[in-house]
Amino acid sequence: MRPVAILQHEANQGPGYLAEFLHQQGIPCETFRADKEQPLPHRADEFSGLVVLGSNHSVNDEQPWIAHEQALVQDAVARDLPVLGHCFGAQLLAKSCGARVTRNAWPNIGWSKLWVTPDARALFGGRAQTTVFNWHYDTFEIPPGARRSLFGTHCINKGFTMGKHVALQCHLEVTEESVRAWCHESKHELEHVQKSPAVQSEAEILRDLQSRTDELHRMARSVYHQWTLGLRRTSVVRAKLYW
């Protein structure tokens, strides 16, 4: 089976629980680090699926690697190769499919309860509501042909599905360690945006962290399992082509 390609952009924003899940399922993966200036693959069909993780950048920033990733996502969509986007990755999937990505009314940082649309409840293990971890400033429109899967009080478009593709304007992959690392490296940021109605303090983010991440991962298992059902299983000889 071809590996799943994972596009990582920040040292502390790795695949986390997703990598653990893929390993448990015997699904190989290969991580490409934009933060380390590693070259991106040129063709999506070298892989069984494509994952795009979070980033401190906006998808609207003029960075060569963002343009390259957008082209790779568009190639995957054109080939009906499953794409899974977390936060920045969800925004990039939306933009790649013709939707606008703009600033949300306010930053959304911390734990929040979201509502699952009826069409998406099978994806989320039958849940009508779920609690997720957030850290974002932008929001996306729902692309043509896609269906909203999640919505929240402070951001209406928190997720969408489009065939085999899943976009999550939140983080299901975070671990206790990564949440602590984000808070540590972003202390000034958290202090600066504390007046926002959708931003929690570091103390609130870290409260009951183990039980929160355990529950998050129980829900994530359902999402990741459903997404991996669409992965291409045919083995091929890979020819590495890079930008």
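The protein contains seven helices and nine strands; helices (H or I, at least four residues) and strands (E, at least two) are DSSP runs, numbered from the N terminus. Its radius of gyration is 17 Å, close to the 18 Å that the globule rule gives for 243 residues, so the protein is as compact as a globular protein of that length. That radius is taken over C-alpha atoms, and the globule rule is 2.2 Å times the number of residues to the power 0.38.

This is a predicted model, in which local features need pLDDT of at least 70 and side-chain atom pairs count only at pLDDT 80 or more, while totals for chains, interfaces and linings use all residues. Residues are numbered from 1 along each chain as its sequence is written, and side-chain values use heavy atoms, with hydrogens and water left out.

Along the principal axes, the C-alpha trace spans about 50 × 40 × 35 Å. Of the 243 residues, 54% count as buried; buried means under 20% relative accessible area, exposed over 50%, and partly exposed in between (1.4 Å probe, protein chains only). Contact means heavy atoms within 4.5 Å. Among contacts between residues at least 6 apart in sequence, 74% join residues at least 24 apart.

Now the core itself. In soluble globular proteins, nonpolar side chains tend to be buried together. A nonpolar core is here a set of buried Ala, Val, Leu, Ile, Met, Phe, Trp, Tyr and Cys residues joined through side-chain atoms within 4.5 Å. The largest one has 41 residues, and those with the most contacts inside it are F124, L168, L172, I205, V223 and Y224. Two or more residues each come from β1 (4–8), α1 (16–24), β5 (101–116), β6 (129–140), β9 (165–168), α4 (176–185) and α7 (209–228). Helix α7 gives the most to this core, with seven residues. Apart from this core lies another, of 30 residues, among them A5, L50, V52 and A76.

Y224 sits in helix α7 and is buried, with a relative accessible area of 0%. Leaving out residues up to four places away in sequence, Y224 touches Y17, L18, F21, L84, H86, L172 and E173.

T213 counts as buried, at 1% relative accessibility. Apart from neighbours within four places in sequence, T213 is in contact with W111, T175 and E176. The C-alpha atoms of T213 and K164, 49 residues apart along the chain, are separated by 26 Å.

Two loop residues complete the view. C87 lies in the loop between β4 and α3 (88–96). This cysteine is buried, with a relative accessible area of 5%, and has a positive phi of about 60 degrees although it is not a glycine. D80 is found in the loop between α2 (64–78) and β4 (83–86). The phi of D80 is near 60 degrees, again a positive value in a residue other than glycine, but D80 is partly exposed, with a relative accessible area of 37%.
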